[in-house]
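Here's a quick walk through one protein model, for anyone who likes to look at side chains up close. Have the viewer open as you read.

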Amino acid sequence: MRRTVVLVALAVTSMVALAFLIPLGLVVREMARDQAISNAERQAVALAPVLATTDDHGLIGKAVASTGAGQAGRLAVHLPDGGVIGTSRAGEVRLALADARTSTLEVPGGAAFVQPIALDGGRTAIAEVFVPEADQTRGVLRSWLILGAVGLLLVLGSLLVADRLAARMVRATIRLADASSALGAGDLGVRVDPSGPPELVAAGRAFNTMADRVRQLLAAEREMAADLSHRLRTPLTALRLNAEALGHDQAAEQTRIAIDRLEREVDLVITSARRAGPGEDADCDVAALLRERLEFWSALAEDQQRPWGLRGADGSVLVPVPSAELAAAVDAVVGNVFRHTPEATQFVVSLQRNDGVVGVIVEDAGPGVAELSEAVQRGRSSAGSTGLGLDIARRVAESTGGRLVVDRSSLGGARVCMWLWQRPAAPRQTRRRDRRRTRPHR
C-alpha cells in the first residue's frame with residue numbers, strides 16, 4: 001500500500017512537472033534568441049547617424065569597428081553604391097535591400113540580422129549583424145539544468161511527503177491488524193492507539209470499544225461460573241454430612257464417592273473460572289485487594305459484633321497472582337473465620353513484606369484448629385467442612401513458589417499464613433528444601 005501511494009505520487013508529480021518544465025524550457029530558449037537578436041538590432045541601429053551624415057568609407061569603417069559585433073567581425077554595412085564595409089555572410093541581403101524591411105536570415109553557423117537604414121535622396125543602406133548559434137543559446141543549458149533540478153526537487157519532495165503520509169497510514173493499519181490478530185489469539189488486554197486518517201482513527205476506537213466489551217463479557221461469564229460453583233458448596237456440604245450418616249454399606253460408599261467426584265468437579269470449575277484469561281494482568285495489588293475484601297466482610301462483622309483489624313495494607317504491593325484468584329483465596333480464609341468461630345470473636349488480617357516475600361496472615365481468637373497437620377490437606381477438616389477453602393489458598397500460595405502455614409495465633413485461635421513470592425519461584429532443589437522444612441506444619 002505504501003509503495004502504491006508513492007508510485008502514484010511519483011506519476012502525478014512527474015506529469016505536472018513535465019507539463020510546466022517543457023514549456024518553460026522552450027520559452028527560455030526563445031528568450032535567449034530574442035535577446036541575441038535585440039542586441040544585434042541595437043548595434044545595427046547605432047550606425048544610422050553615421051550613415052545619414054557621410055558616405056566616407058573610412059569614417060563608416062571606424063564606426064563599424066567601434067561596435068562589439070564589428071570588432072568580432074560580425075558586422076557589415078551594404079552601401080547604396082554597392083560597396084560593402086565589413087564581413088558579410090548573408091547572400092540574400094540584396095533581397096532585403098529591395099524589400100526595405102527588417103528581417104532575420106538563417107545562415108550557416110547562426111543567423112544574420114538585416115536592418116535597412118534610410119538615407120537622403122531615397123537611398124537605403126543595410127546594416128547586417130551576424131548572430132552566431134552560440135549567442136542565440138547562451139545561458140539556455142544552465143537555465144534548463146536549473147529548471148530540471150527544481151523539478152527534481154519538487155518530485156523528491158512530493159515523494160517524501162507521500163511516503164510519510166503513506167507510512168503513517170500503513171503503520172496505523174498494521175497496528176490495527178496486529179491488534180486484531182492478537183485479540184483473535186486470546187490476548188484480551190491488547191489495545192491500539194488510534195492514529196492515522198479519520199477513518200482509521202474511528203476504526204481504532206471501535207476496536208478498543210469491542211475489546212473492552214469482550215473482556216467485560218468474559219469476566220462476567222467467569223464470575224458467574226465461579227459464583228454459581230460457590231453456591232453449590234453449601235448443598236454439597238449437606239450431602240457429605242448426610243452421606244457420613246448412611247453407614248458403611250456399598251450404596252453409602254458409592255454415594256460418598258459420587259459426592260467426592262462432584263466436589264472435585266465443582267472445585268475445578270471454580271479454579272478455571274478464577275484463572276486470569278489470556279491477556280489479563282497476571283499481577284495484582286494485594287494491599288488494595290485486602291482493603292477491598294475487608295470492606296466487604298466488615299458489614300457481616302458488624303452484624304455479628306466481631307472486632308476486626310487490617311494491618312500493614314498501606315501503599316501498593318504487587319504479587320504475581322491474578323486478582324480474581326487471590327480474592328477467592330482471601331475470601332475462603334476469612335470466610336472460615338465467620339463459619340468456624342462464634343459470633344463476637346475477634347479477627348485480624350495482616351500484610352507483611354520481607355525480602356521479596358509477601359505474607360497475608362489471618363488470625364482469630366476462636367477455638368483454633370485441632371489437628372494442624374491435617375488443616376491444609378484437601379478435603380480434610382476438623383470442623384466438619386469440606387476443607388477446600390484452605391486448599392484454594394494453598395494452591396494460590398504455591399503457584400508463586402510460596403506456601404500456606406496454619407498454626408496457633410497470638411489471639412488464641414487459628415493463624416493462617418499465605419506466603420507469596422514476589423520474584424520468580426526458587427529452583428526445584430530450593431523448593432524441595434522448603435517443603436521438607438514446612439512439612440511439620442501441614
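## A threonine and its partners

At 4% relative accessibility, Thr400 falls in the buried class, because buried means under 20% relative accessible area, with exposed over 50% and partly exposed in between (1.4 Å probe, protein chains only). Before going on, note that this is a predicted model: local features need pLDDT of at least 70 and side-chain atom pairs count only at pLDDT 80 or more, while totals for chains, interfaces and linings use all residues. Residues are numbered from 1 along each chain as its sequence is written, and side-chain values use heavy atoms, with hydrogens and water left out.

Thr400 sits in the loop between helix 13 (388-398) and strand 11 (403-408); helices (H or I, at least four residues) and strands (E, at least two) are DSSP runs, numbered from the N terminus.

## The aromatic patch

Now for the rings. Those of Phe, Tyr and Trp (its six-membered ring) pair if their centres lie within 6.5 Å; planes under 30 degrees apart count as stacked, over 60 as edge-to-face and the rest as tilted. By this rule there are 3 aromatic pairs. Two are listed here:

| Pair | Centre to centre | Angle between planes | Class |
|---|---|---|---|
| Trp297 and Phe338 | 5.1 Å | 25 degrees | stacked |
| Phe338 and Phe347 | 5.5 Å | 65 degrees | edge-to-face |

Together, Phe296, Trp297, Phe338 and Phe347 make up one aromatic cluster.

A charge sits over a ring if NZ of Lys or CZ of Arg is within 6 Å of the ring centre and within 35 degrees of the ring normal. Arg293 has its charged end over the ring of Phe296, 4.6 Å from the centre, and Arg306 lies over the face of Phe338, 4.8 Å from the ring centre.

## Helix 7 and what follows

Helix 7 is followed by Gly186, with a positive phi near 110 degrees.

Further on, Pro194 lies in the loop between helix 7 and helix 8 (198-231). Is Pro194 buried or partly exposed? At 26% relative accessibility, Pro194 counts as partly exposed. Leaving aside neighbours within four places in sequence, Pro194 is in contact (heavy atoms within 4.5 Å) with Val201, Gly204, Arg205 and Asn208. Pro194 and Asn208 are 14 residues apart in sequence and 8.9 Å apart in space, C-alpha to C-alpha.

## Cysteines and the whole chain

The structure holds 0 disulfides (pairs of cysteine sulfur atoms within 2.5 Å). Cys284 is buried, with a relative accessible area of 5%, and Cys417 is buried at 1%.

Stepping back, the protein has 14 helices and 12 strands. Buried residues make up 40% of its 442 residues.
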